[in-house]
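Please find below a short note on the model, arranged as numbered points.

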Amino acid sequence: MKKILIINAHSIQNKGDAGIILSMIDSIKEEVENAEIAISSRYWESDKDFYSNLEIETLPQIFDYPDTALPYYKRALIVLNQLIYVIKHKNKSDSSDKRKSKLIKWYNEADIVVSCGGGFLLSNHKYLIEPSLISHLYQILFAIWKGKKVIAYSQTIGPFISKMSKKLSSYVLAKADILYVREDLSKQFLEEIGVKNVKVVSDSAFSLKPSEIEISDTFNGNKGKLVGVTLRQWKFPNSGNPEKLYSNYLESVAKGIDHLVNKGYEVVLIPQVVGPTPYEDDRLANKEILNKLSKYSTSVINELDISQLNAREMKFIYSKLTFLIGTRMHSNIFALSSNVPVIAISYEAKTKGIMQKLNLDNYSVDIDKVTSENLTSMINDLEKNYNNYVFHLSDSIPTVIGESKEPAKKIKQLVQY
């Protein structure tokens with residue numbers, strides 16, 4: 001029996017993050033016979049029932065992640081207190097905090113500690129360091145202090161803007177056994193801060209296995225004319241006028257939807273993420289865009305209620321679309337890996353990197369540069385080249401899926417030493 005501890009997990013209410021974890025579990029179990037897996041998650045109490053059905057223990061994190069709504073100084077103080085706690089317990093086998101005693105036991109007994117896939121190791125602060133980055137890095141550092149083998153599983157890492165964030169990230173990440181990243185840009189960020197133990201692979205969620213479910217008449221009755229749209233609330237960090245940029249983003253997508261409806265498509269708004277915080281709930285962005293649509297478009301718009309669906313079921317839903325206009329990166333991955341074409345709206349480098357990796361740059365636009373003109377132009381181009389796009393996916397996705405399982409093969413190699 002090999003014990004594998006997965007850390008840095010977020011919440012199953014983010015279907016993308018959940019898809020990453022589930023695909024990791026699939027790939028690890030394929031490679032490591034009789035693997036015993038535990039997950040250290042930020043929202044572990046709400047996640048534990050779901051994972052217990054898979055016979056996986058869910059644990060808190062060694063760091064209590066600070067509420068991003070708090071002022072910077074309060075978040076920094078929370079992180080400082082947590083840092084003191086971690087340092088005090090790095091050489092101990094248990095904890096006075098009963099919630100974390102099991103976690104520390106897992107750190108002590110694990111054959112390997114795996115920092116889960118995702119995009120959380122970054123800091124855009126110009127002068128200081130994001131408290132959330134410290135929280136994530138110290139989960140990794142705690143495993144290193146315990147003398148464990150440590151890998152990062154298909155992540156987006158960086159950018160690191162301030163000198164402090166560069167130094168701390170370099171110090172911790174250079175000590176891992178290997179860092180698997182999902183774009184060349186992440187590798188570049190790491191090499192710039194002196195971290196060399198890096199390999200580029202595909203996002204783990206490309207290999208997620210879907211689960212078939214009963215679907216509505218919307219999906220059964222509109223074959224060839226059904227477009228999905230995923231939106232998100234976005235704060236446009238480091239922008240001088242985030243409200244204007246956010247309004248422009250929604251208005252551009254709304255005009256794109258009007259364009260689709262005029263062409264005879266039915267459009268479904270799909271909330272890929274429904275929590276755990278209001279800012280992360282895509283249903284709020286969906287409500288905002290409904291107010292920007294023409295009355296004709298609004299009458300044929302549906303919002304899919306997926307709050308009760310898991311990531312595997314979500315992937316099945318995406319497989320039934322004609323194509324997707326996706327802001328949420330993992331909605332794009334769920335669609336692309338089902339051979340469904342995507343127009344990607346990129347809010348961070350990770351989306352652009354994945355589209356570049358698939359040679360689909362011309363179907364990607366930055367969220368701060370999206371306009372009704374460039375969006376409708378991409379829609380028209382996709383229609384014209386639809387069959388070629390689908391063929392390209394059917395030809396390239398099998399290789400991408402195989403590559404996405406490479407970190408699991410490395411885990412097998414490391415735990416067998």
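1. Helices (H or I, at least four residues) and strands (E, at least two) are DSSP runs, numbered from the N terminus. Histidine 136 belongs to helix H5, which covers residues 131-145.

2. This is a predicted model, in which local features need pLDDT of at least 70, side-chain atom pairs count only at pLDDT 80 or more, and totals for chains, interfaces and linings use all residues. Residues are numbered from 1 along each chain as its sequence is written, and side-chain values use heavy atoms, with hydrogens and water left out.

3. Is histidine 136 buried or exposed? Its relative accessible area is 7%, so histidine 136 is buried (under 20%; exposed is over 50% and partly exposed in between, with a 1.4 Å probe and protein chains only).

4. The side chain of histidine 136 makes a polar contact, at 3.1 Å, with the side chain of asparagine 8. A polar contact is a pair of N or O atoms within 3.5 Å; within protein, one must be able to donate a hydrogen and the other to accept it, and residues adjacent in sequence count only if both atoms are side-chain atoms. The C-alpha atoms of histidine 136 and alanine 9 are separated by 9.6 Å, although the two residues are 127 apart along the chain.

5. Isoleucine 84 lies in helix H3 (residues 72-89). Its relative accessibility is 45%, so isoleucine 84 counts as partly exposed.

6. In helix H14 (residues 349-357), the buried residues are Lys350, Thr351, Gly353, Ile354 and Met355. Just after H14, asparagine 359 has a positive phi of about 60 degrees.
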